[in-house]
Amino acid sequence: MEQRSEIEVEASQAVKSLRSKFEQLAASGSGANNNGNSNNSSGSNNASPAINGESSTPSSSIESSSSAKSLRSKFDQLAVGSSSSSGNGRAGNGMAYQPQLKDAVQTISPTSTGALNAYDSSSSSSSEPTYNQKSLRSKFEQLAAGSSTSSGTSTAGSSGTSSNSSSSIFKGTPAIQAVTPTYTSSLNSNDSASETSNNQSDSAKAAALKRPPPPPPPSRNSKLQNKRSLSPMPSVVTPSPLTRPVPLPPSSLLTGTGEIASALKPVKPLSDKPPVPPRPSTMSTFQYATPEASPVPSDDETAGVVVPDADSERSSRLSAYPPPPRHRASLSPNLQSIDGLPATTCTPPPPPLPTRRSPMQNESPLPRSPPPSRTNSQFRPPPPPSPRLETMGLALTVPDQPVPSPMERRPVGSSKLPPPPTRTVAIGAVPTPVRPVSAESSDEEDEEDRLLDQLPDFSTSSRRPPILSFRPGYPEPRIPYHPHTGCVIAAGPHVVVADEKKLKVYNLEASETLVHSVEMKEFGLKDTKISCMEFRPCANKANRGYLVWMGTEKGSIVEFDIRKGTVTSMKPSAHLHSITYIFRHGRSMVTLDESGKALIFSPDPEHPDIDINLKDSQPRAIRTTDKQEFVKLLDGKLWTSGKLEYHGTSSHGTSRTFPVVRVFDIFSPGNSAKSVLASEHCGKVTSGTIMPSRPDYAYLGHEEGFVSVWNLNTEDGWPKCEEVVKVAGSDVMSLEGVNDKLWAGGRGGMITAYDVSSTPWTVTNSWVAHPGLPVMKLFVNHYAIDMGRRMCVVSLGRDECVRFWDGFLSLDWVDNELIKNEGSFSTFHDITLLMLTFNISASRPDALNTDPGNQEFFNEFFASVDQPPDILTFSFQEVVDLENRRILTKSVFLMTTGKKGDALSDRVTGNYKRWYDRLVLALKTQYGPMGLEYDMVAVESLVGLFSCTFVKKSSPPLMLKDIAMTFVKTGFGGKYGNKGAIISRLVVGDSSFCFVNCHLAAGQHSVRRRHADITTFIENNTLFPSSSNELTYVGGGDGTMILDHEFVLWNGDLNYRIDLRREAALSAIKLGDFALLRAHDQLLREMKTNRGFRLRGFNEGPLNFAPTYKYDPRSHEYDTSEKRRTPSWCDRILWRSRVPGRMKQLHYKRYDDVTVSDHRPVSAAFRVTTKMIQGEARARSKAIVEVAWADESERLLEFARAFYVREALL
C-alpha cells in the first residue's frame, strides 16, 4: 500500500505539472491571437488558437501546418517511448512519459494546441495501438489541410471547443492513463461522459494521495450495455477462469481504460499529402484488449497481465486481431541509450506453457477462456526493438498472414498439425529422469562386440619361440641395428646391416663377428647416409645374394659386393630426393624416392642375358604418390598408402574411416593406377604380404588390429577387398606370409602365427619376440632356401635386435607327432580329484552347526565320490566381510605377502584359521576311522580368498614336485585384493596341474570386466618360477603361465549372470527348465560364440541344478531385497586338458541344504590320467619323427621356392 501511495503521489504531481504547462500555453496563445475574444473561465484550460485565431493571414496557416508536422513527429517519438515503458507498471509509465511530454509541450506553438486536443480526444476513445496511430495520422493531415483554409470561429464555438479539448488532454495523456487506469475506464465517446469523467478524475487524484484504492467502476447497466447493444459481433459463452494467464504482449499500448473502447475506423489520408512512414511492426500490427474495471485493482493489473472479459465485442475483437507471436530475436533486457531512448530494466517474460487448442477459424471464432489471476507476478514484457535495429539490418518483420496467439501451439511441418502436448509436472513432484541419448555409443559398442567375436581362437596355441640357429649347438645369433636410421637385409647366412654411414656384413654360419665393416667415406661418399638396400638379381648363380644396391639420402644409388667389401658401381643423383624403397622383381629393380618418383631398371630386350647395371642401364621413370607411409610390391604391382582417409559408412551402418590404397601397375605399358578401399573400417595400412598357400589373395596389416583380405583374381585385374578381420587388440605393425601361416608382429613385441585356412582363424603359435617393444618389420630370407635349405624369417624390433625364426615351426610339428605316439614311451596312472568352491559370505564355521542340513554338509561332500580322493582342493571366497571397511583396511596393510611355507597367518582375522581348522577336523572325522591321512601341501589367502590343497598319503606315494602358489589382484586396477585369484601349481609324475580360485568383477552388465580379469590371469607370464623339465609342460611353455600346464582347473565365484527377467528365471527354476536358463547364461554364451574369450578352450559339466545365487540368508528363497537380483550360476568349476580323454568329470553338483550364505556350494570330482615318461623310449621315438620331418621340410621348401619364383622374388 505504501508503494502504491508513492506512485499515486508521483503521478498526481506529473498531472499538475502538465496542467500548469498547458494553462501557460493557453494564456500565451490567447494574447497572440488577433481575435481577442475568450469565453474560457479561469478554471478551464486554454482554448485552441488554431480554431479561435484569425485564419485570414497566410502566415498563420503556414505556421499551423508546420506546427502540426512538428507535433506529429513529436508524438511519433512518444509512441515509441510509450511502447518501451508500457511494462514498467503504473508509476513506471507515468515517469517515462513525463519528461517526454514536458519536452513536447515546450515545443508546441500556440497554433498547434488544437492539434494536440484533437489527438487527445481521439486517443481517449480507443485502446488499440494500430487504430490510434492511424487515426492520429489522419487527423494531423486534416488539420494540416484545414488550418490554412479556416477563417475563424465564433466566440461561443471557440469556448466550447476549448473546454472540450482541454479536458481531452487529461483523458488522452498516456501518463495519466497508465497511472489511473480505473478512473479513465468510464470515459465514453460522448461529451457528457467526458465531463463527468473529468470531474471524477480531479476528485480521485486528490483522494489518491490519501488511500490507494480507486473508486468503484460505473454500472454495467447504463453505458456498457448500451455499448454492447451496438456491437455487431455475436456474443460468446463465458470462458472458464481456470486457464493459464496470458502475459502482456511486448508491443501493446494499453490505454488503461476499464473496457475495450469503441473501434475507431481509420480515416484515409488526403490524396494531396504524402504518406507517413509506418511504425515498427511490433507496435502497429495487432490490437490487444485491456482489462475491465474492478472495484479493487488486482496485482495482475498492476503487473500488466490482462484478463479479457467474455462479452461479444471483446471476443470478436480478439479473434479478429490475434496477438503477435513471440519474437525469436534476442534483445537485451537493458537497452541503454539507443538513439536517445531511456534505459530500461525490463526482463522478458518466460514463454507460456502450450495448451491443447483447436486451430483458429476466422468465420466462427472459438470462445477464449480467461486466464486465472496470478498473484505477485514479477515478470515484465520485453522492451520493443529500437528503431535503430532496422538500420543495423536487424529489423524484425511480422508476416501478414494470421499468426496464432502465444497460448496456441504452432503448427509443425507442411501438414500444419499442432505438435504433441507438453506434459505438465505438478509442483513438488519428482520429474521424470531424462532418458540418456546413447544411440551412437550403443552402435559403437555393438560394433566393438562384433569385432571381438571375430578374434581368432588361440585356446590351443603354442608359445614356444621357434628359434633358428645357423650353427647347431650354438645359441641363436643376435645382431644389433638402429631401429630408426638402420636397415637390414639377409641372403642365406649373410646379413647386411646399414647404420647411416656404416655398412656391416655378418656370416652367421661362421660366427657372429663382423666380416666387413666399412664407411662410405672410404669410397669417396663422404656425408652419405644409406636409407634402403636390396639384393640385385643376377643371371649368374654365383653372384646371387652378394650384390647389393643401396639408396642414399642424396638420391644416389651405390652397388656393393659383400664378398669383397667394395663398391662396384654407382649412379650419382639418380633421384633428386632421398630414396626410400628399393624392390626386386624378376630381373628388374625399382627405386622410389620420397617425392613419389620411381625408376624402373630392366634388362635390355635385345640382350636379355645381360644383367642390369648402374652405368649402362637406362631406367624408365614413372610418377606415383608422394608422402607414402606404406609401399610394397605385391603381385607385380606397387601398392601404396598414405594418410589419406575416406569417410563413409560401413556395412553395419556405422560411420567409419577407410584408408585409401592406390595400386600402380608399373610394369604395364600404360602405367595405369587405381585407388581401392577396404570393405570395412580398418586403421592405417602398416604392412602387406601374400601367402604361398593362398597366392590369389593379398593381406594388408592395419592399425587397431585389423587385417584386410584382397582378392587378386578379379575380372578387371585390380584387387578387391573381400573381408576385414579383427585379429588383435593392438596395432598390426608387420605382416608376412610364411608357408601356410600368416605371421603378424604386434606393438607389444609378440609374433603370432595364424592359420587362415578355416573360419574363424586359429592361432597356432604366439611368442614373445621383442619383449615389450614393437615388431617393426618381418621379411622372409628367400635366398636361404637355396643357400641353407632353411625357411628363415627375420624380425626387426624396436629393441635394436635382429632375430631369426624357423618359418616351418619344426619343433611344434615334431611335438605334435610325439604326442600321437606318447603311449609308446610313457606309463599312465589314474588319480581321483575332488574340489569344492564356496562363497561363504563372511560366515563362520560355527554357523554350520545350526541345523541338520548345514551339519551334514562336509559328510555329503566327502561321500560324493566312491573312493577317497587322492587330491582335495578347497576354494573359498568372501572369507571376510568385503563391506566392512575396518577389516578391509587390515587386509590391505597386514595381509600375508604370499610367502611359501607359511601355513596360515592370523594377523588379519581369525576366520581363515577357523575354516582351516574346520577342514582338518572334517578330514579326520571322515577318513580317520579308515586309517587314511591327508597332508596339506599348499595354502594361501588374499583378502577374501582362501585356498587349501590336501594330498592323500598312499603307497606308493604320489610323486609331487614343483609346488608353488601365488595370487593376482584385480581390484582397483590391480592394487586391491577384494577381487583377484589365488593360483597354485603342482606336478604329479610328469603331468602338471594348475588350480585357479578366483573372484571376478560383480554386476549383471560387467561381462567385459570379468573378461579383463581372466585375461590378466592368463597372460601373466611371471606367475611361477621357470622349470627346467620341459617334458612336464605343454605348448612349449616352461611352467610360468597358467596355460603351460597339462591340466588346468578353474573354479570360484566367476559372477557370470543369466540374462533373463527375474520372473521368467524363477518360473523356469520352478518347472525345472534349466535348458532355458543355460541358453541365457553369459559364461556359456561367451565360451560358445566369442572366439577371443580366454576360457574358450575350457570345459564345464552340464548345469542340471538350480542357480546358486542369490539367496536370502538362512532361507531357501531367492533374493527378495530391494535389488531383487535374477538367480544365476555364479559359482562354477571349469577344466582344461591337453588330451581330452585323460580327464573325465565324475559329478558336478550343488548342496541345497547349506543356508549359511547367500550362495550355495558347488563341488566336482574328476578322474585324471597322469603320465610318467621313459626318457630312452622317447628319444628313440623322437629320432623317428625327425627323419619324417626332414622329408616333410624338403617338400615344403620346394613348394615355397616355386611360389617365390612365380612372384619374381627368386
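Student: In this predicted model, which residues of E7 point one way and which the other?
Tutor: Leu547, Trp549 and Gly551 point one way from E7, and Val548, Met550 and Thr552 point the other way. All are buried.

Student: Why alternate?
Tutor: In a regular strand, side chains alternate between the two faces of the sheet.

Student: Why is strand E7 called largely enclosed?
Tutor: Buried means under 20% relative accessible area. Six of the six residues of E7, residues 547-552, are buried, so the rest of the structure largely encloses this strand.

Student: What makes E6 and E7 a pair?
Tutor: Pairing needs at least two bridges. Five bridges join E6 (residues 530-535) to E7, and the two run antiparallel. Within E7, Gly551 is the bridge partner of Cys532.

Student: How do you know that E7 pairs with E8?
Tutor: Set the count against the cut-off of at least two bridges. Five bridges join E7 to E8 (residues 557-561), again antiparallel. Trp549 stands opposite Glu559 in E8. E7 and E8 form a hairpin with four residues between them. Gly555 in that turn has a positive phi of about 90°.

Student: Now His1159. Where does His1159 lie?
Tutor: In the loop between strands E38 (1143-1150) and E39 (1162-1173).

Student: Why is His1159 called buried?
Tutor: The cut-off is under 20%. His1159 has a relative accessible area of 2%, so it is buried.

Student: What makes the pairing of His1159 with Asp1131 a polar contact?
Tutor: The limit is within 3.5 Å. The side chains of His1159 and Asp1131 make their contact at 3.0 Å. A polar contact of 3.5 Å also joins the side chains of His1159 and Asn839.

Key
Residues are numbered from 1 along each chain as its sequence is written. This is a predicted model: local features need pLDDT of at least 70, side-chain atom pairs count only at pLDDT 80 or more; totals for chains, interfaces and linings use all residues. Side-chain values use heavy atoms; hydrogens and water are left out. Buried means under 20% relative accessible area, exposed over 50%, partly exposed in between (1.4 Å probe, protein chains only). A polar contact is a pair of N or O atoms within 3.5 Å; within protein, one must be able to donate a hydrogen and the other to accept it, and residues adjacent in sequence count only if both atoms are side-chain atoms.
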